[in-house]
Amino acid sequence: MNILITGATSGIGKQLALDYLADGHHVVACGRTKAKLDALAKDARGSGRLSYCIFDVTDREQTLLALQEIAVNEGLQASGFDCVILSAGVCEYIDDAKNFEPALVDRVFAANFFGVVNSIAGVLPNLKPGSKLVVVDSMARMFQFTRAEAYGASKAAIHYFAGSLRTDLVKEGIQVITVSPGFVKTPMTDANDFEMPMRVTVEQASRAIQKGIAKGKPHIAFPRIFGGILAFLQRLPYRLQISLSKRMKQS
Ligand SMILES: NC(=O)c1ccc[n+]([C@@H]2O[C@H](COP(=O)([O-])OP(=O)(O)OC[C@H]3O[C@@H](n4cnc5c(N)ncnc54)[C@H](OP(=O)(O)O)[C@@H]3O)[C@@H](O)[C@H]2O)c1
């Protein structure tokens, strides 16, 4: 398969790239810096082929151009990508809700919402009937966690965008898959200063995503028990939700 992955230089995206390469696929790894893509190449094992595509998802012009060029350079304009996984994202928390910085919200949305929108616009011309478009959101969208105003909202927004796109791309034969992970051990969550219940390894996350994509599931969520708990919490009275959410505070 020809698989394009954004955020392939770290965490979930990097593990997916390594696993697909180990299985012999052609992976177009997208990242912001060549040095980090070189590090990915060093870690790669197996018979797969690795190509680089360098761009910052928050730069629309750069993203559209890079994604157009890579399809031409790899001769994929006719056949298209079999699978595109959009994993690039950032997390920033709001520490002082009363005096929050709107620019923080801009930064988070620039990567997690508009960055994904830019990437989708860039790859759509090279998605054909049978192609899969995979958008990584987060279980954070399912519950109003403390300090997660920007992050949770950006993930809820992109989940909705992708869900709506799923309906509209059916006639094109393109399947849109949303992925909502719970906590996964990556550099992103290593920066967190609170307890992360049921955190899984990046290898487990990669396996769950690969399995879901192979089965053609429209939505992939893991760990399932954590998702079930969040769905239950959302049905509780708001007073209770607030007190539970507050427990997830900085240590
Ligand atoms: N880890 C979790 O618990 C968890 C849970 C739910 C959802 N998610 C989501 O899963 C995705 C991957 O997260 P992760 O934990 O693997 O995080 P990570 O280890 O921090 O990796 C994030 C990746 O996104 C890339 N990226 C960030 N901003 C970018 C930009 N402007 N342009 C291009 N690439 C950019 C990073 O590139 P650089 O290497 O250049 O920085 C890196 O490759 C994110 O969308 C995240 O929100 C993670």
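Helices (H or I, at least four residues) and strands (E, at least two) are DSSP runs, numbered from the N terminus. Welcome to a predicted model, in which local features need pLDDT of at least 70 and side-chain atom pairs count only at pLDDT 80 or more, while totals for chains, interfaces and linings use all residues. Residues are numbered from 1 along each chain as its sequence is written, and side-chain values use heavy atoms, with hydrogens and water left out.

**The whole chain**

- The protein chain has nine helices and seven strands. Its radius of gyration is 18 Å, close to the 18 Å that the globule rule gives for 251 residues, so the protein chain is as compact as a globular protein of that length. The radius is taken over C-alpha atoms, and the rule is 2.2 Å times the number of residues to the power 0.38.
- Along its principal axes, the C-alpha trace of the protein chain spans about 55 × 40 × 35 Å.
- Of the 251 residues, 48% count as buried (under 20% relative accessible area; exposed is over 50% and partly exposed in between, with a 1.4 Å probe and protein chains only).
- Contact means heavy atoms within 4.5 Å. Among contacts in the protein chain between residues at least 6 apart in sequence, 66% join residues at least 24 apart.

**Two buried loop residues**

- Asp137 lies in the loop between strand 5 (127-136) and helix 5 (149-168), and it counts as buried at 2% relative accessibility.
- The side chain of Asp137 makes a polar contact with the side chain of His159 (2.9 Å). Such a contact is a pair of N or O atoms within 3.5 Å; within protein, one must be able to donate a hydrogen and the other to accept it, and residues adjacent in sequence count only if both atoms are side-chain atoms.
- Leaving aside residues up to four places away in sequence, Asp137 touches several residues, including Lys155, Ile158 and Thr178.
- Asn126 sits in the loop between helix 4 (102-123) and strand 5, and is buried at 7% relative accessibility.

**Backbone features to look for**

- Most residues other than glycine have a negative phi, and most peptide bonds are trans.
- A cis peptide bond joins Phe222 and Pro223, with omega about -15°. Pro223 is in the loop between strand 7 (219-222) and helix 8 (224-233).
- Arg147 has a positive phi, near 70°. Arg147 is in the loop between strand 5 and helix 5, and at 10% relative accessibility it is buried.
- Met198 also has a positive phi, of about 60°. At 37% relative accessibility, Met198 counts as partly exposed.
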